[in-house]
Amino acid sequence: MRKIWVAIGVAIFAAGVASADPLRLVALGDSLTQGYGLPQEDGFVPQLQRWLTEKGADVVITNAGVSGDTTAGGLSRVNWTLSGGADAMIVALGGNDMLRGIDPAVSRANLDGILRAATEKNVPVLLVGMSAPGNYGPDYKAAFEGMYPDLADRHQALLYPDFLQALLDQGNLAETRQTYIQADGIHPNAAGVRLIVAAMGPSVLELLERAR
């Protein structure tokens with residue numbers, strides 16, 4: 001009988017240890033996710049990691065951001081990215097598609113494939129959108145920006161409408177560029193990333209709740 005109780009105690013202890021393992025969050029994206037032009041500790045993933053830890057979240061983030069990547073690149077590596085084990089995933093792709101003028105229908109199909117791959121592995125997703133400039137025309141802008149909420153709804157993913165929304169909300173574009181954007185005029189600096197993380201963070205916490 002004593003051996004039985006010892007075995008039960010070991011099993012309960014093992015279950016407690018297993019439940020204490022941190023959640024595994026993968027951030028699949030491009031240079032904005034990767035942390036282009038910044039010291040490693042100032043990039044999006046490290047800053048998000050610190051923000052989540054400060055909020056009490058027990059999570060480890062894998063930086064699967066690749067500078068210059070498109071939705072096609074993300075689709076080509078999503079299965080490999082998830083093969084190492086993931087409890088949740090942030091998908092922040094499409095900016096380079098837009099910069100290259102890729103047909104939004106192509107980008108939509110690629111993102112759809114990424115979300116389907118996550119669904120097949122029961123991995124909840126936070127899909128992060130991006131705004132398109134008006135110089136591509138109203139049809140392109142509507143199709144590009146509209147694919148994010150449409151796909152999030154189709155795949156029951158969470159949606160954060162625009163990666164750079166926190167910077168756009170600052171109002172004065174010239175002042176925002178000077179204060180929060182790197183010299184290339186595209187990528188946020190460390191202070192800009194801090195704003196982005198603070199704005200997106202609550203949506204990431206909601207994602208982690210889905211993953212529990």
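User: How many bridges join strand S3 to strand S4, and do they run parallel or antiparallel?

Analyst: Strands of a sheet pair through backbone hydrogen bonds, in either a parallel or an antiparallel manner. In this predicted model, strand S3 (residues 88–92) and strand S4 (residues 125–128) run parallel and are joined by 3 bridges. Within S3, Val91 stands opposite Leu127 of S4.

User: In what order do the strands form the sheet?

Analyst: The sheet is open and has 5 strands, in the order S2-S1-S3-S4-S5, with parallel pairing. At its edges are strand S2 (59–65) and strand S5 (158–160), each of which pairs on one side only. On average, neighbouring strands are turned by 20° against each other, direction ignored.

User: Which helix lies across these strands?

Analyst: Helix H10 (residues 190–211) lies across S1 (23–29), S2, S3, S4 and S5, and runs at about 170° to S5.

User: Which residues have the most contacts inside the largest nonpolar core?

Analyst: In soluble globular proteins, nonpolar side chains tend to be buried together. Here the largest nonpolar core has 60 residues, and Leu25, Leu52, Met89 and Phe163 have the most contacts inside it. H10 supplies the largest share of this core, 8 residues. Leu52 touches residues including Leu25, Val59, Ile61, Val204 and Leu208, leaving aside those up to four places away in sequence.

Conventions
Residues numbered from 1 in each chain as written. Predicted model: local features only at pLDDT ≥ 70, side-chain atom pairs only at ≥ 80, totals over all residues. Heavy atoms only, no water. Pairing = 2+ DSSP bridges. Helix = DSSP H or I, 4+ residues; strand = E, 2+ residues; numbered from the N terminus. Axes fitted to C-alpha atoms, helices over the stretch in contact; angles between N-to-C directions. Contact = heavy atoms within 4.5 Å. Core = buried A, V, L, I, M, F, W, Y, C linked by side-chain atoms within 4.5 Å. Buried < 20%, exposed > 50% of the residue type's maximum accessible area, 1.4 Å probe, protein only.
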